[in-house]
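Here are my notes on the model you sent over. Have it open while you go through them, point by point.

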Amino acid sequence: MSPNVGGIDRTLRIVIGIALIIATMAGLLPAWGWIGIVPLATGLIRWCPAYLPFGIKTCKLK
């Protein structure tokens, strides 16, 4: 698994994921807010399986 998420994409995924989880825990969102785990995880591991079929890479190439 080579990284395909980087830069602003990664930061946004982490921030949005945390925001969704916090809002769900605070009772501001229903249970669907736990979907925030997905962008949080993909931001932390820097790999998104949805990018593979399209060949998208937002990280800098080495």
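1. A word on annotation first: UniProt positions are given in the numbering used here, feature names are shortened, and annotations may be inferred rather than shown by experiment. With that in mind, an unreviewed UniProt entry lists residues 1-61 as "domain: Inner membrane protein YgaP-like transmembrane". This span is 46% helix and 0% strand, and its end C-alpha atoms lie 14 Å apart. Helices (H or I, at least four residues) and strands (E, at least two) are DSSP runs, numbered from the N terminus.

2. Ground rules: this is a predicted model, where local features need pLDDT of at least 70 and side-chain atom pairs count only at pLDDT 80 or more, while totals for chains, interfaces and linings use all residues. Residues are numbered from 1 along each chain as its sequence is written, and side-chain values use heavy atoms, with hydrogens and water left out.

3. Have a look at Asp9 in helix H1. Its side chain meets that of Arg13 in a salt bridge, 3.0 Å from N to O; the term means a side-chain nitrogen of Lys or Arg within 4 Å of a carboxyl oxygen of Asp or Glu. The count by this rule is one salt bridge. Because Arg13 and Asp9 are four residues apart in helix H1, about one helical turn separates them.

4. Is Asp9 buried or exposed? It counts as buried because its relative accessibility is 18%, and Arg13 is buried too. The cut-offs are under 20% relative accessible area for buried, over 50% for exposed, and partly exposed in between (1.4 Å probe, protein chains only).

5. Leaving aside residues up to four places away in sequence, Asp9 touches Tyr51 and Thr58, where contact means heavy atoms within 4.5 Å.

6. Now for H2. Its buried residues are Pro39, Leu40, Thr42 and Gly43, and H1 is included in what covers them.

7. Arg46 deserves a look: it is not a glycine, yet it has a positive phi of about 60°. It lies in the segment after helix H2 (37-45) and is partly exposed, with a relative accessible area of 31%.
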